[in-house]
Every structure is written in C-alpha cells, then in structure tokens.
Amino acid sequence: MQPCNPIGYVHSLESFGSVDGPGVRFVVFLQGCALRCKYCHNPETWAAEGGEEWTAEKLFQRVYRYRNYWRGNGGLTISGGEPLLQLDFVSEVFRLARAKKVQTALDTSAQPFAPDNAEWMARFDRLLENTDLVILDLKEIDDEKHKKLTGHSNKNILAMAQYVAARGVDLWVRHVLVPGLTDDADGLRQLDAFIKTLPTVRRVEILPSGRRARTHGGGGRNRGAAFACARLSRCTQGQRRKVISTKILGIILGKCLTSLLQYGKVYAWLAFTNHNQPRTVNRLFASPVRFLPIAGCASVLAFCSAPF
C-alpha cells in the first residue's frame with residue numbers, strides 16, 4: 001500500500017527550467033541513480049543516501065507557488081538522478097499536481113522498470129495515471145554496448161518505452177551524443193528504427209555531450225541547449241543551429257528578466273528607506289537597468305555568429 005505522504009530525497013530544485021518539458025517548468029532533481037554512465041558529470045547523485053528530505057505535500061506546496069510562471073503549457077518535471085527509484089514519492093507528488101491541473105513530466109532513464117514484478121508494475125501504473133509526459137533517456141540501443149556504457153542492460157528500458165507508448169502516454173526521447181561512445185551511424189539508425197515503433201513519441205532530442213552538464217537520469221540543471229530532430233539519421237547543421245539559438249535566446253531573456261526583477265526589488269526597498277532622496281536612488285539604478293537589454297542583445301548576436 002502506498003504511504004499517504006511519503007518522504008522523498010531531493011538533490012536540488014530549479015524553479016525556472018526551460019529544457020525539461022514544454023514551457024517553463026519547476027524541475028525537481030531527486031537523489032539516487034543505479035546507472036554508472038561513463039560520461040556522467042554528476043556522480044554525486046548516484047548514492048541513494050543523502051539529499052534533502054521532503055514530504056510529497058510540502059514539495060508540491062513549494063512547486064505550486066511558481067504556477068504564475070507556467071502560463072498554459074508549463075508545469076512540473078521530476079528528474080534525477082533516477083526518479084523511479086523513489087516511485088511512491090513521485091506518484092504522490094504527481095497525484096497532488098493532477099488535482100490542481102498541473103502538467104506533469106517524468107524525466108527518466110527507466111532502469112528500475114520491472115515488468116515481471118506485479119507489485120512494482122501496479123505502483124508504476126498508478127504513477128502513469130497522473131503523468132502527462134515521459135521524457136525517456138535512451139543512452140544506447142545495443143544491449144552489450146549499453147552494459148559497457150552504464151553497467152546495466154537496456155532490455156527493461158526498451159520494454160518500458162514500449163509499455164508507456166502502449167498506455168497512450170506522450171513520450172519525448174533523448175539521446176546523448178558522445179564522440180566514440182554513442183555516435184556510431186549504425187547505432188543511430190537502429191535507435192531511429194526503434195523510436196518509429198513507438199506511436200506516442202512527440203519529440204526526439206539529440207544532446208551534444210559537451211553542452212550538457214548533467215547527463216544521467218534523463219535530466220539535469222545548468223545544461224546547455226538541446227536540439228530536436230524528427231529523424232535521428234537526418235540531423236543537419238542548420239537544424240541544430242536554429243534550435244540551439246532559440247534555446248539560448250530563451251535562456252538569455254530569462255536571465256535578463258530575472259535580473260530586472262531583482263533590481264526592481266532592491267529599487268523598491270531603497271525608495272522606501274530613502275523616500276526623501278529619490279534623485280539619488282534614480283541615478284543609482286538608471287544605468288544598470290538600461291544596460292541589461294543591451295547586454296542581452298549583444299550576447300545573442302555573439303552566440304548566433306559563433307561557428308558550430
């Protein structure tokens with residue numbers, strides 16, 4: 001029986017994520033991962049121990065405070081680490097989210113998927129009932145190569161992809177392109193063929209390893225841009241440049257907006273505490289506020305003109 005308010009162990013939180021599902025997301029990164037990917041940049045999340053303790057209810061209360069940022073297409077993403085290692089906790093958080101009509105996304109590598117365990121599958125089905133999107137990280141299509149790359153077979157991972165698609169849940173598929181490890185043409189063609197068998201795939205992302213700070217568990221913060229393509233074997237430089245530029249532009253604009261909000265808070269405080277000296281306060285803030293849009297535009301132009 002699922003606990004009414006299970007405890008989860010959280011590695012970190014991101015309140016304004018832009019690459020872990022549609023729209024602006026509140027992203028929760030959980031502690032613990034069974035995979036040991038050779039290209040993992042954040043092995044501190046491997047251990048099941050550690051992380052900050054949260055109840056499902058308290059965590060959702062924290063998440064829901066940011067609902068005004070989500071507009072119509074944002075929401076909550078739970079990532080890792082590997083979120084399925086804390087299955088009951090994620091399930092309860094998503095149940096609370098669904099009750100408030102919050103869009104939910106599960107960002108996973110699927111390693112704990114246990115199709116032969118009836119009890120585990122019943123718990124997983126409860127999770128899917130409140131899951132709008134599964135973001136699945138397929139690291140390697142060949143089973144032997146997958147074992148060498150991560151220390152585990154991918155048979156249950158591919159089985160989960162098929163199971164989720166059969167249940168009618170939308171899928172985004174991700175693949176990290178690591179030179180010399182996961183970039184061989186035959187493997188990409190096999191991966192392409194497998195993805196075509198999944199009827200609910202809505203998006204495929206290729207993540208260049210040099211532009212991603214966290215590559216395990218399907219998710220992570222402080223990542224560089226990801227680029228999407230409908231066919232893994234037909235990605236062009238133009239497609240990559242266009243989508244990466246769009247992502248970077250969004251990140252820069254988000255940073256500028258955050259800075260402006262911070263300036264506004266400080267300005268309001270100083271205006272309140274120095275109400276007899278408004279000219280001094282205005283002179284203090286006029287220059288940096290004007291500078292922010294210029295700095296943002298310069299950054300975008302510099303990025304767009306850089307070679308890929």
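The sulfur of Cys 37 lies 6.2 Å from the closest cysteine sulfur, that of Cys 40, which is too far for a bond. A disulfide is a covalent bond between the sulfur atoms of two cysteines, and here it is taken as a pair of cysteine sulfur atoms within 2.5 Å. A search of the whole structure accordingly returns zero disulfides. Cys 40 is likewise in no disulfide, its nearest cysteine sulfur being that of Cys 37 at 6.2 Å. Cys 37 counts as buried at 4% relative accessibility, and Cys 40 is buried with a relative accessible area of 14%, where buried means under 20% relative accessible area, exposed over 50%, and partly exposed in between (1.4 Å probe, protein chains only).

The model is predicted, and local features need pLDDT of at least 70, side-chain atom pairs count only at pLDDT 80 or more, and totals for chains, interfaces and linings use all residues. Residues are numbered from 1 along each chain as its sequence is written, and side-chain values use heavy atoms, with hydrogens and water left out.

The chain has eight helices and nine strands, these being DSSP runs numbered from the N terminus (helices H or I, at least four residues; strands E, at least two). Of its 308 residues, 47% count as buried. Among contacts (heavy atoms within 4.5 Å) between residues at least 6 apart in sequence, 73% join residues at least 24 apart.

The largest nonpolar core holds 50 residues, of which Val 28, Leu 76 and Phe 124 touch the most other members; such a core is a set of buried Ala, Val, Leu, Ile, Met, Phe, Trp, Tyr and Cys residues joined through side-chain atoms within 4.5 Å. Helix 2, which covers residues 87-99, gives the most to this core, with seven residues. When neighbours within four places in sequence are left aside, the contacts of Val 28 include Val 10, Leu 13, Leu 59, Val 63, Leu 76 and Ile 78. A second, separate core consists of nine residues, among them Cys 33, Leu 35, Tyr 39 and Leu 149.

Val 63, one of the contacts of Val 28, is found in helix 1 and is buried, with a relative accessible area of 0%. Leaving aside neighbours within four places in sequence, Val 63 is in contact with Phe 26, Val 28, Trp 70 and Leu 76. Val 63 and Leu 13 are 50 residues apart in sequence, while their C-alpha atoms are 9.4 Å apart in space.

The axes of helix 1 (residues 56-64) and helix 2 come within 9 Å and cross at roughly 45°, where axes are lines fitted to C-alpha atoms, for helices over the stretch in contact, and angles run from 0 to 180 degrees between N-to-C directions. Helix 1 is therefore oblique to helix 2, since angles under 35 degrees count as roughly parallel, over 145 as roughly antiparallel, 65 to 115 as roughly perpendicular and the rest as oblique. At this meeting, Ala 56, Glu 57, Leu 59 and Phe 60 of helix 1 meet Phe 89, Glu 92, Val 93, Leu 96 and Ala 97 of helix 2.

Thr 104 lies in strand 5, which spans residues 103-108, and counts as buried at 0% relative accessibility. Apart from residues up to four places away in sequence, Thr 104 touches several residues, including Arg 25, Leu 76, Phe 94, Ala 97 and Asp 132. Thr 104 and Ile 78 are 26 residues apart in sequence and 8.0 Å apart in space, C-alpha to C-alpha.
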